[in-house]
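Please look through the model below before reading on. My notes follow as numbered points.

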Amino acid sequence: MPFTTQLRDVRVNLANRRTERTARRRLSAELAAFQTPAERAELDFILGRHTQEETREIREILNQQDYERQRAGSGLGGYRG
């Protein structure tokens, strides 16, 4: 494979990864708006209508956000005094 083809493939791969990261950050920001128990219950109800495969990324983001909120609220991970 010629070097120029390899270089193009690397550039395309990097551009695709950058686009995916941007989309995930945007989705994460949108999902962060669902903070109250009622909002989360409604979101979980909506997600329950779809397969686990279809909602995998959303559930991963929500679980990470829950973990981060719990960690911030409990003072785990270091001295906060």
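1. Patches are built from residues that have over 30% relative accessible area and no salt bridge, with like charges joined within 9 Å and nonpolar side chains (Val, Leu, Ile, Met, Phe, Trp, Tyr) within 5 Å. Arg 17, Arg 18, Arg 21 and Arg 25 form such a patch, of positive charge, on the surface. Arg 18 sits in helix α1 (residues 3–31); helices are DSSP runs of H or I, at least four residues.

2. This is a predicted model: local features need pLDDT of at least 70, side-chain atom pairs count only at pLDDT 80 or more, and totals for chains, interfaces and linings use all residues. Residues are numbered from 1 along each chain as its sequence is written, and side-chain values use heavy atoms, leaving out hydrogens and water.

3. Helix α2 covers residues 37–47, with Arg 40, Leu 43 and Leu 47 buried (under 20% relative accessible area; exposed is over 50%, partly exposed in between, 1.4 Å probe, protein chains only). Down the axis of α2 the buried residues fall within an arc of 60 degrees, so they line one face of the helix. The arc is taken from the directions from the helix axis to the C-beta atoms. Exposed residues Pro 37, Ala 38, Glu 42 and Phe 45 are on the face turned away from the buried side.

4. The whole structure has six salt bridges (a side-chain nitrogen of Lys or Arg within 4 Å of a carboxyl oxygen of Asp or Glu). One of them joins Arg 24 and Glu 57 at 3.4 Å, N to O. This pair links distant parts of the chain, helix α1 and helix α3 (residues 52–74), 33 residues apart.

5. Arg 56 pairs with Glu 60, with the closest N and O atoms 3.1 Å apart. Both lie in helix α3, four residues apart, about one turn of the helix. Salt bridges that share partners join Arg 24, Arg 56, Glu 57 and Glu 60 into one network.

Notes
Helices (H or I, at least four residues) and strands (E, at least two) are DSSP runs, numbered from the N terminus. Accessible areas come from the Shrake-Rupley method with a 1.4 Å probe; for residues, only the protein chains shown count as cover. Lys and Arg count as positive and Asp and Glu as negative; His and the chain ends are not counted. The place of a charge is taken as NZ of Lys, CZ of Arg, CG of Asp or CD of Glu.
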